[in-house]
There are 4 protein chains.
Amino acid sequence: MTIDLPRRLVAEGLGTAFLVATVVGSGIMAETLAHDPAVALLANTLATGAMLVVLITILGPISGAHFNPAVSLIFALRGDLDARDAGLYVLVQIIGGIAGTWVAHLMFAHPLLEFALKERSGLAQWFSEAIASFGLVATILAGLRHHRRAVPWLVGLYITAAYWFTASTSFANPAVAIARSLTNSFSGIRPFDLPGFIMAELIGALAGLALMGWLLREPALTRNHEVETNP
Amino acid sequence: MTIDLPRRLVAEGLGTAFLVATVVGSGIMAETLAHDPAVALLANTLATGAMLVVLITILGPISGAHFNPAVSLIFALRGDLDARDAGLYVLVQIIGGIAGTWVAHLMFAHPLLEFALKERSGLAQWFSEAIASFGLVATILAGLRHHRRAVPWLVGLYITAAYWFTASTSFANPAVAIARSLTNSFSGIRPFDLPGFIMAELIGALAGLALMGWLLREPALTRNHEVETNP
Amino acid sequence: MTIDLPRRLVAEGLGTAFLVATVVGSGIMAETLAHDPAVALLANTLATGAMLVVLITILGPISGAHFNPAVSLIFALRGDLDARDAGLYVLVQIIGGIAGTWVAHLMFAHPLLEFALKERSGLAQWFSEAIASFGLVATILAGLRHHRRAVPWLVGLYITAAYWFTASTSFANPAVAIARSLTNSFSGIRPFDLPGFIMAELIGALAGLALMGWLLREPALTRNHEVETNP
Amino acid sequence: MTIDLPRRLVAEGLGTAFLVATVVGSGIMAETLAHDPAVALLANTLATGAMLVVLITILGPISGAHFNPAVSLIFALRGDLDARDAGLYVLVQIIGGIAGTWVAHLMFAHPLLEFALKERSGLAQWFSEAIASFGLVATILAGLRHHRRAVPWLVGLYITAAYWFTASTSFANPAVAIARSLTNSFSGIRPFDLPGFIMAELIGALAGLALMGWLLREPALTRNHEVETNP
């Protein structure tokens, strides 16, 4: 890691801000324009997926482009990020995310400070978030192992699918969840529902780390291969 | 093949589960939200295509990322997969697919066990499935021959198109068809209609193998070229 | 060119058939499902663009993947394809295209033989087709010059845009136009209107060849550069 | 830069013309067909994003594919383009853009000369344009630094997202804004509102240049790294 910490932190904060501004802003635009709620979610999905590819590509070489405390936690547990830096990453991700909500509100002439009223809670929602985060971490870890340059696309496409195949529209990101609790629009989540979401996201991420640690460890020879190699 | 069989089987099962969870889950989300049925199918298409690119990219290096008994059969017939492994692949694909339906039901708070009531039968549907599977196998075999790293994209894009250009929305996958018989939602198929679908899929896949075997065999010189080379 | 002519012709015919089956089939599916006509065209666009990327990628190494008499004409004029082969390419493209319409009709249980009643005529439509074909040829020639491996994507994306920015939805392909005159569905065109479309497409294609011939010729030094190099 | 100036200027003019014809033409097609305004904007977005990838890929090797006075200004300020050429680039971008509007009007049988009546003004709109241009310049500069070949995709995807996450649908381009003031259709902007848009775009672009200049400068060693390297 040859980039100095201040720039890495700015990159994490900037990226998370743009990501949240995209999620919240496109949600406002979509619910304003759309008659069909599925069209609104399609537009929200398209904007988010496209922006993820861009942000991870351009900021990845600087900070790793986590934009997500669950992802920074996973890299810290793997030993790829030291504990202090991981803590600072999470801090600027949360600050950046909140700034992103405010930028979206300024662009759409919403009140700067809002709290979401949209309820997102219950076992099905939490299970959705756990599955979403499990898949996200699996995608990132497997992508980094075999297809490093494709990771921005993989994450963008994964989230594109996850908006639709999970009942929670796949937040899969505690910093983004916190930022989305501060907008009373299409993409909001009640502040009260944050703990359940964040807990489910962390559990899913840890499960992804565990499974992929096994699935991606250096290839062990099968018994057949051993016989062939050591007759 | 240097990855041990247990991990290859887990990769096939996991991938098929995520694929089916995406098809079924995004179908439920889409029919819940959409007023326009074409928007529902668009969302279902987008999620499935995006997820296929991700799953084949990240799990391909482990198991080959078939997620489809018709594809495993083709590779077994080509001698790329031995018969025992092909049988185990098919088994875990079916188990993984069913698990995927259940995961989707849990995420959307549907009853775990359902049977589809949606009729999908008749000559036009079967012909559609045969064409869909023919094209899928042709895409995979030609892609592997000339553009190995592009195969995840080719399959994702092919299925994106095939959702729309076939009358059956292109299942093209016996394991996915079985799993979809266990959901009474947007993407379901009556269990009674499974044999027709699966038979059509296998016929189409075999036709694809036959044609591409000829089209992709090592280039033969044309008479003109022979004359030029051996005057 | 090391592939023998029979296989090149089969690849051209097969590719054009799949292209037309996608255009016609997805058009039928879309008009059947959609309430909003713009959603129908979006689905038609998505399927066509995705299939073009697949077909050009997988069949390009065999036949060059023209699937389009206007494109084969341009390559013949550039000396990349001899006149006899170009004539045979055009013949199998037309035959393949018609077969593609029939395959789509079989999949959707339409009568095999139909004639389109949809009028597509007039100066604005012809100008649209000329612009569409001009841009297609420019995209192909410039793509081949600098980004050969990206050409399938460039063509798929160009046609995706051209469905919407031209008033004719951009046929830009005489063989596809002929095949579409044989379906009385979303993507049809009256047989009576074919000559105007085909003439406009060829004029646009030739204009594209002329402009790109100049724009892409080997770089000439500017006066400034000459001064710098030969002081 | 080895391509002579006349061809570079033609490439800039041609590219801007196609870009504007796509924005305006797909806007007309979309508002004509769509019942749901969000579907119209989705179609407009899809066509524009796809065309940007194509145009930047095929014309980038000739002129750099700016198509945007704000981008040419940034490259001039960085010393990548001399002042005279930058002035000529801007001139042909404006001329090309206007020609693009007229081509779209001819294709859709609109009156050639129109003036937009759609109001786009106010602090929220200007802030949106500044954010949109800031992000565009950041994307281009960071993309060129680390992923030169991906830049066409990054710009296409960025604009795809920006259509939705900004309240102004992200013109982010003074030449395109001028051209869009000459169409009284979906994508129009009142001539009276141009100065505010253009000023906001230039401010955003300069802010992007400033931030990325710092973020992307050659890596400085952190104090920790210095200690490790020079103990």
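**Chatting through a predicted model**

Student: Okay, where does Leu123(D) sit?
Tutor: Leu123(D) is in helix 5 of chain D, which covers residues 123-146. Keep in mind that this is a predicted model.

Student: Is Leu123(D) buried or exposed?
Tutor: Exposed, with a relative accessible area of 69%. The cut-off for exposed is over 50%.

Student: And how far apart are Leu123(D) and Ala179(D) in space?
Tutor: They're 22 Å apart, going C-alpha to C-alpha, and 56 residues apart in sequence.

Student: Switching to chain A: is Thr22(A) buried or exposed?
Tutor: Thr22(A) is buried, with a relative accessible area of 0%. You'll find Thr22(A) in helix 1 of chain A, residues 5-33.

Student: What is Thr22(A) in contact with, leaving aside neighbours within four places in sequence?
Tutor: Its contacts include Asn44(A), Thr48(A) and Met51(A), and also Ala161(D) and Phe165(D) from chain D.

Student: What about Leu112(A), where is that?
Tutor: Leu112(A) is in the loop between helix 4 and helix 5 of chain A. Leu112(A) is partly exposed, at 39% relative accessible area.

Student: New topic! How do helix 8 of chain B and helix 1 of chain C cross?
Tutor: Their axes come within 10 Å and cross at roughly 135°, so the two helices are oblique to each other.

Student: Which residues make that contact?
Tutor: On helix 8 of chain B, Leu211(B), Trp214(B) and Leu215(B); on helix 1 of chain C, Pro6(C), Arg7(C), Val10(C) and Leu14(C).

Technical notes. Residues numbered from 1 in each chain as written. Chains lettered and ligands numbered in written order. Predicted model: local features only at pLDDT ≥ 70, side-chain atom pairs only at ≥ 80, totals over all residues. Heavy atoms only, no water. Helix = DSSP H or I, 4+ residues; strand = E, 2+ residues; numbered from the N terminus. Buried < 20%, exposed > 50% of the residue type's maximum accessible area, 1.4 Å probe, protein only. Axes fitted to C-alpha atoms, helices over the stretch in contact; angles between N-to-C directions. Parallel < 35°, antiparallel > 145°, perpendicular 65-115°, else oblique. Contact = heavy atoms within 4.5 Å.
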